Amino acid sequence: MNFQYGQGYQGARPPAPPGAQYPGGSTPGAPYGSYGSPGGTGGLYGSVPAPRAPYGGYGLPRGGSYGPPPPTGNVPPGVNPEAQQWFSTVDTDHSGYINLKELKQALINSNSSAFNDETCLMMLNMFDKTKSGRMDLFGFSALWEFLQQWRALFQQFDRDRSGSISSNEMHQALSQMGYNLSPQFIQTLVVNYSTRGQPNAMQLDRFIQVCTQLQSMTLAFREKDTGMTGNVRMSYEDFLSSAIARLM
């Protein structure tokens with residue numbers, strides 16, 4: 001089977017990982033966020049800085065009417081202090097771990113909707129180093145950094161400050177990431193992942209999901225395209241195997 005993606009993926013460069021580590025500085029296995037996290041200012045995604053002022057707090061745990069919780073003791077090495085504060089609030093059963101339900105209840109979009117199940121599960125799988133269906137403080141700290149980076153990129157391309165990404169804004173975002181995709185394809189992408197009743201408004205959770213999965217699929221395709229021609233000849237099952245390995 002001949003899969004042709006044109007030239008759309010050749011310039012797409014994998015984002016740099018957040019580089020989060022366990023205490024002591026050692027990174028077990030693959031680094032946290034080894035795929036799917038955007039580069040910072042001056043990195044692989046260009047040099048446009050994130051806005052200085054807060055942007056409504058979307059993508060962050062719900063703080064309630066009293067704002068963030070107070071600091072909770074000493075911060076372990078390698079853990080973001082703010083992430084530790086939020087962890088104590090999100091960990092409602094005080095188990096020392098965050099499960100899918102707790103994560104979903106904690107994260108919101110700019111329109112006050114909770115993050116969708118697929119994005120939450122994807123992020124949990126990415127930062128659950130024990131493969132137990134939950135993450136510890138160190139995994140949550142890495143997730144916190146991951147969300148901050150994606151939120152900054154989302155803000156950068158939300159040109160009209162609407163709190164969502166339109167197809168035109170998504171086209172600009174993907175172009176800067178290095179993807180050469182047609183406006184028609186991107187419009188279809190945005191429509192399929194937009195909020196119900198708002199066909200041209202992609203929220204932060206879907207933005208993270210789409211960009212991360214697009215990168216994963218691109219890397220799977222690139223592994224087979226050793227000649228960098230934009231064309232790969234493979235069986236349908238081989239393609240599915242490559243894609244599934246990247247998405248799991």
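## Structural report on the predicted model

The accessible surface of the protein amounts to about 12300 Å², and 53% of this surface belongs to carbon and sulfur atoms. Accessible areas follow the Shrake-Rupley method with a 1.4 Å probe, and for residues only the protein chains shown count as cover. The model is predicted: local features require pLDDT of at least 70, side-chain atom pairs count only at pLDDT 80 or more, and totals for chains, interfaces and linings use all residues. Residues are numbered from 1 along each chain as its sequence is written, and side-chain values use heavy atoms, with hydrogens and water left out.

**Overall fold**

Eight helices and four strands make up the secondary structure; helices (H or I, at least four residues) and strands (E, at least two) are DSSP runs numbered from the N terminus. Along the sequence, their pattern is β-α-β-α-α-β-α-α-α-α-β-α. Of the 248 residues, 44% count as buried, where buried denotes under 20% relative accessible area, exposed over 50%, and partly exposed in between (1.4 Å probe, protein chains only). Among contacts (heavy atoms within 4.5 Å) with a separation of 6 or more, 64% are between residues 24 or more positions apart.

**Nonpolar core**

A nonpolar core is a set of buried Ala, Val, Leu, Ile, Met, Phe, Trp, Tyr and Cys residues joined through side-chain atoms within 4.5 Å. The largest one holds 45 residues, of which Phe 140, Leu 143, Phe 146, Met 170, Leu 174, Met 177 and Phe 207 touch the most other members.

Helix α4 supplies the largest share, twelve residues. Leaving aside residues up to four places away in sequence, Leu 174 touches Tyr 179, Leu 181, Ile 186, Leu 189, Cys 211 and Leu 214.

**Helix α6**

The buried residues of α6 are Ile 186, Leu 189 and Val 190. They lie on the same side of α6 because they cover an arc of only 95 degrees around the axis, taken from the directions from the helix axis to the C-beta atoms. These buried residues pack against α5 and α7, whereas Gln 184 and Asn 192 are exposed on the other side of α6.

**Helix α8**

Leu 240 lies in α8 (residues 236–247) and is partly exposed, with a relative accessible area of 32%.
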